[in-house]
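Student: Can we go through this structure together? I would like to ask about it piece by piece.

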Number of protein chains: 2
Amino acid sequence: MEKVVRSINPHLSVDCVIFGFSTSQLKVLLIQRDYINEEGIPAQDYKLPGDFITTREDLDHAAARTLNELTGLQNIFLKQFAVFGKPDRISRKADLNWLKATTGTDIHRVVTTAYFALINISESDRNYALKNKASWIDVNRVPELAFDHREIMEKGLHHLQNSLRNEPIGFELLPEKFTIRKLQTLYQVILNCKLDNRNFRKKVLKAKYLVQLDEKQEGVAHKPAYFYSFDKITYDHNKKNSLGFNF
Amino acid sequence: MEKVVRSINPHLSVDCVIFGFSTSQLKVLLIQRDYINEEGIPAQDYKLPGDFITTREDLDHAAARTLNELTGLQNIFLKQFAVFGKPDRISRKADLNWLKATTGTDIHRVVTTAYFALINISESDRNYALKNKASWIDVNRVPELAFDHREIMEKGLHHLQNSLRNEPIGFELLPEKFTIRKLQTLYQVILNCKLDNRNFRKKVLKAKYLVQLDEKQEGVAHKPAYFYSFDKITYDHNKKNSLGFNF
DNA sequence: ACAAAAGTGTTTTTAATACACCCATGA
DNA sequence: TCATGGGTGTATTAAAAACACTTTTGT
């Protein structure tokens, strides 16, 4: 988080849980933070990307701005998923120190709106650059985080899992062209389960929103797989107005 | 909303979309508001129950407090579902006037966290009293609302429909003891669809969390129905860790 | 020729849907 | 005895799950 010149609203912030998928791992984008610990010694830890909102800024805009300032990306899948407003969510001395150092004012209570974002960080498609000491970290290897950011991250992960079960959002984490196996791996990793590849294939192809491309994998030491892409128009068109209930 | 003596945080509020079910209608609890309209003339409309939060109050607490002050009820199903933070969400003159009149200060921007609540208002179980000009209004007959409360209400309704499909929350709207037909009607009304009664019965009884009581309806001019109750323990116990996906 | 992942079909089981009549009660 | 909503069973269709081998490529 950089020092801001425009006037900020010190009561309200946004935090982004930004997910990416690469090398068969689900990753989250974290920012390294330098702070002064309880003993007055400089230390480092991680935090979620986030920022205060400016005085007349929409929350969604603040989240998109945060993401854009960090990655340079625009038009990213971004969705509000929760608010964190416990009065003592900022109470550790290290956190209070850090806020004072970065904002220049004493800040005690901040209500933050959490967003989750999905980014395609595939090898082939790295048309963005990270700034601000940001790095992708495997969700299973997230270190201790600042504030209540662990809680926020975990709630975001839950949200991702839930959405993945009910909406076609997995594609947001993949490049334009992907193999069905990659999609399956993505489901397996995020939902933390094993899926039968024949049944998976059958299921996703029965719906009509995956279109097979002429292109195949190249240079792989096995039978090359076809690439597919997601056809959102077809999806929106045959979206079932599911009336059933499953509780 | 009453004038508060304790110190409030004028940037943050909670609003509650409180649902109830009676006489086969889904209802929402609204508060009549007296305000001065654009022409300076006293007028009335409706708003959602809500309040500013106090300076060191948790958001969830503020929502529970709002609900309690209004109905006297405690331990009600209450869940945060969205934040509304557009900088111009309070912009109509009538709304600004009203805020000034009720709080005594000029307030322009308020970010509100919306909660939805489920209350059992069944005929038989009316162990609470409404205060503050509150009344139950059929969701299909909601008049114009203050601020962006219509948007909030509609998003809350969506949320209810979604939750109803995926979690056993319908019971929160019914008395302890209910007939299966009442439950079916509730689903039909909220999801706005028709369900086959044989299939409905089969489905809800296959799961094991409905327990038939010895008691039957009395004084009805037709074959009396058995009462059932929801067994949350059984539900939690066999909750399926659903791995499937349905998008 | 071997390793590695891609791709394919059938059977079984389970869940969803469609559909029509008799039952118990109060008026 | 009539009107009202309660309660039941079966057959059909669709979806999910289980399961093992052949194909194509690079090395």
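Tutor: B:Asp236 and B:Lys232 both sit in helix 6 (residues 232-238) of chain B, 4 residues apart, about one turn of the helix. Helices here are DSSP runs of H or I with at least four residues, strands are runs of E with at least two, and both are numbered from the N terminus. This is a predicted model, where local features need pLDDT of at least 70, side-chain atom pairs count only at pLDDT 80 or more, and totals for chains, interfaces and linings use all residues. Residues are numbered from 1 along each chain as its sequence is written, chains are lettered from A and ligands numbered from 1 in the order in which they are written, and side-chain values use heavy atoms, with hydrogens and water left out.

Student: What does B:Asp236 form with B:Lys232?

Tutor: A salt bridge, with the closest N and O atoms 3.2 Å apart. The term means a side-chain nitrogen of Lys or Arg within 4 Å of a carboxyl oxygen of Asp or Glu.

Student: How many salt bridges does the structure hold over all chains?

Tutor: The total over all chains is 30. One of them joins B:Glu144 to B:Arg92, with the closest N and O atoms 3.4 Å apart. That pair links distant parts of the chain, 52 residues apart: B:Glu144 is in the loop between strand 7 (134-138) and helix 3 of chain B, and B:Arg92 is in the loop between strand 5 and helix 2 (93-103).

Student: Which other residue does B:Arg92 pair with?

Tutor: B:Asp95, again as a salt bridge, with the closest N and O atoms 3.4 Å apart. B:Asp95 is buried at 1% relative accessibility, B:Arg92 is partly exposed at 33%, and B:Glu144 is exposed at 62%.

Student: New topic. How many residues does the contact take from chain B and chain A?

Tutor: Chain B gives 40 residues and chain A gives 40, where contact means heavy atoms within 4.5 Å. The two chains bury about 3500 Å² between them, 59% of it on carbon and sulfur atoms. Buried area is the accessible area (1.4 Å probe) that two parts lose on being put together, summed over both.

Student: Which three residues supply 25% of the area that chain B buries?

Tutor: B:Arg165, B:Phe245 and B:Phe247, more than any other three residues.

Student: How many salt bridges are there across that interface?

Tutor: The rule finds 0 between chain B and chain A.

Student: And the DNA? Which residues are closest to DNA strand C?

Tutor: A:Arg181, A:Arg201, A:Lys202, B:Arg198 and B:Lys223 are the closest of the 20 residues that surround DNA strand C. A residue is near the strand if one of its heavy atoms lies within 4 Å of it.

Student: Which helix gives the most to that surface?

Tutor: Helix 5 of chain B, with 4 residues.

Student: What does the side chain of B:Lys202 reach on DNA strand C?

Tutor: An N or O atom of the B:Lys202 side chain is 3.2 Å from a base oxygen. For A:Arg198, a side-chain N or O atom is 3.3 Å from a base nitrogen of DNA strand C.

Technical notes
A polar contact is a pair of N or O atoms within 3.5 Å; within protein, one must be able to donate a hydrogen and the other to accept it, and residues adjacent in sequence count only if both atoms are side-chain atoms. Buried means under 20% relative accessible area, exposed over 50%, partly exposed in between (1.4 Å probe, protein chains only).
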